[in-house]
Amino acid sequence: MRPTPMVESMNDGRHALSVRNLVVDFVQDTGTIRALDGVNLDLHAGRVLGVVGESGCGKSVTARAILRLLDRTGEITSGRVFLDPGSPEQQDLAALDPEGRVMRAVRGGRIGLIFQEPMTALSVHYTVGNQIIEAMRAHGDLSKAAARERVVTLLHEVGIPRPETRIDSYPFQLSGGLRQRVGIALALAADPEILIADEPTTALDVTTQAQILALLRRLQRTKGVALMLITHDMGVIAQMADDVAVMYLGRIVEFAPVAELFTAPRHPYTRALLRSVPNLRAVPRERLATIGGAVPHPGARPLGCPFHPRCPEVIAGRCESEAPAGISPSEVGASCFHALAETAHAEATA
Ligand SMILES: Nc1ncnc2c1ncn2[C@@H]1O[C@H](COP(=O)(O)OP(=O)(O)OP(=O)(O)O)[C@@H](O)[C@H]1O
Ligand code: SF4
Ligand SMILES: [Mg+2]
């Protein structure tokens, strides 16, 4: 296996967002649960980062932490979330007041969020038009009439038929697919540079799912946004992602460009995910038939390599007590002794 190059074409200097060593704890009566244990990732303008892993790996907590939308019991204990990293305007979102002026301007303004269930972001009490107009005007200086005109254009862009009339519909008058299109329009209202989509098609039927994914890909490309696409579905990853971060128990355990991840997966967990989806259909949310068991609760994190109790390639006497080094942000690699040894060998012989 070859050494770990930086992903090509990432070196255009246009990181949109960099997450560094992000740790999130939930404080409960029964103790503290470490949901994120040092997450590193980069979002790049014009690229799609797919984030994949079984249920409970920390995908949604990562998205919510970036946007400072964690439940009250959740806390960023350490780490940074740089917007415009490396530029004079760089800001650490992790250090901001979640309800402060700057964070409210970033959320929905510079970073748009698309939920699995669009009603999470929409109100039943207002027309879709009024909700998108409000989002547009909250983040930009527009008259109501100008905003309404732009919303019609936006609804057209997201594939809503007859947008001039649909703008006055209430969400409950729309099908699930149209509601998700409205959810995407809402996320795009303020023309964000970054989009975070958390399982945006999981609740939809297969045909609608394919249409919404195609729409997201088209919008992402034409607008040049950085898209972080969270999914448990390797098929969605194959179709959508440029790069992939595989999560396990609150850490990124493998990072690779999508083609490389599918042809030469480095982490035993990634291999198990791929084996369990013969036709690249959905990864089971609860169980991986090929390795059995489920993701341990973060409150009961195994010692050593967190994957060792389920790993078919476990090194007896080592993996139970020693944790492999994490991977560097945006560098192709996996946090596993086997992969690290192969990388070291390849570098030594290069
Ligand atoms: N509000 C909360 N209070 C306590 N623990 C939480 C809370 N939200 C998340 N967690 C913990 O964080 C872990 C990661 O949760 P998260 O929702 O990020 O998983 P996920 O990867 O998005 O899973 P899914 O695929 O089911 O959406 C969970 O296992 C849970 O233990
Ligand atoms: S470090 Fe050991 S337990 Fe962890 S994934 Fe690699 S082989 Fe498996
Ligand atoms: Mg989730």
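Biologist: Which residues line the second largest cavity?
Modeller: First, the idea: on a 1 Å grid over the protein atoms alone, a cavity is a set of points where a 1.4 Å probe fits but cannot get out, and a lining residue has an atom within 4 Å of a point. Here the second largest cavity is lined by Tyr248, Arg251, Val253, His267, Cys305, Pro306, Phe307, Pro324 and Ser335. Bear in mind that this is a predicted model, where local features need pLDDT of at least 70, side-chain atom pairs count only at pLDDT 80 or more, and totals for chains, interfaces and linings use all residues. Residues are numbered from 1 along each chain as its sequence is written, chains are lettered from A and ligands numbered from 1 in the order in which they are written, and side-chain values use heavy atoms, with hydrogens and water left out.

Biologist: How much space lies in the second largest cavity, and how does its lining split by class?
Modeller: A volume is the space filled by probe spheres set on the grid points, which are joined across faces, edges and corners. For the second largest cavity that comes to about 60 Å³. Sorting its lining (Ala, Val, Leu, Ile, Met, Phe, Trp, Tyr, Cys and Pro are nonpolar, Asp, Glu, Lys and Arg charged, the others, Gly among them, polar) gives six nonpolar, two polar and one charged.

Biologist: How many cavities of 30 Å³ or more are there, and what volume has the largest cavity?
Modeller: There are three of 30 Å³ or more, and the largest has about 90 Å³. Of its 15 lining residues, Cys305, Cys311, Cys319, Cys336 and Phe337 lie nearest its centre. By class, that lining has 10 nonpolar, four polar and one charged residues.

Biologist: Which space is taken by ligand 2, and what surrounds that ligand?
Modeller: A molecule sits in a cavity or pocket if more than half of its atoms lie within 2 Å of its grid points. Ligand 2 takes up the largest cavity. Around ligand 2 (near means a heavy atom within 4 Å) you'll find, among others, Cys305, Cys311, Cys319 and Cys336, plus His267, His308 and His338. That shell divides into eight nonpolar, three polar and one charged.

Biologist: Which polar side-chain or backbone atoms lie close to ligand 1?
Modeller: Look for polar contacts, pairs of N or O atoms within 3.5 Å. A nitrogen atom of ligand 1 is 2.7 Å from a polar side-chain atom of Asp71. An oxygen atom of the ligand lies 2.8 Å from a polar backbone atom of Val61, and an oxygen atom is 2.9 Å from a side-chain N or O atom of Ser60. Alone, ligand 1 exposes 640 Å² (Shrake-Rupley method, 1.4 Å probe), and the protein buries 76% of that.

Biologist: What lines the largest pocket?
Modeller: That pocket holds about 630 Å³ of space. Its lining has 23 residues, with Arg107, Gly108, Ala135, His139 and Leu186 nearest its centre. Helix α3 supplies the largest share, four residues.

Key
A polar contact is a pair of N or O atoms within 3.5 Å; within protein, one must be able to donate a hydrogen and the other to accept it, and residues adjacent in sequence count only if both atoms are side-chain atoms. On a 1 Å grid over the protein atoms alone, a cavity is a set of points where a 1.4 Å probe fits but cannot get out, and a pocket is an open set with protein on both sides within 12 Å along at least five of seven lines; lining residues have an atom within 4 Å of a point. Helices (H or I, at least four residues) and strands (E, at least two) are DSSP runs, numbered from the N terminus.
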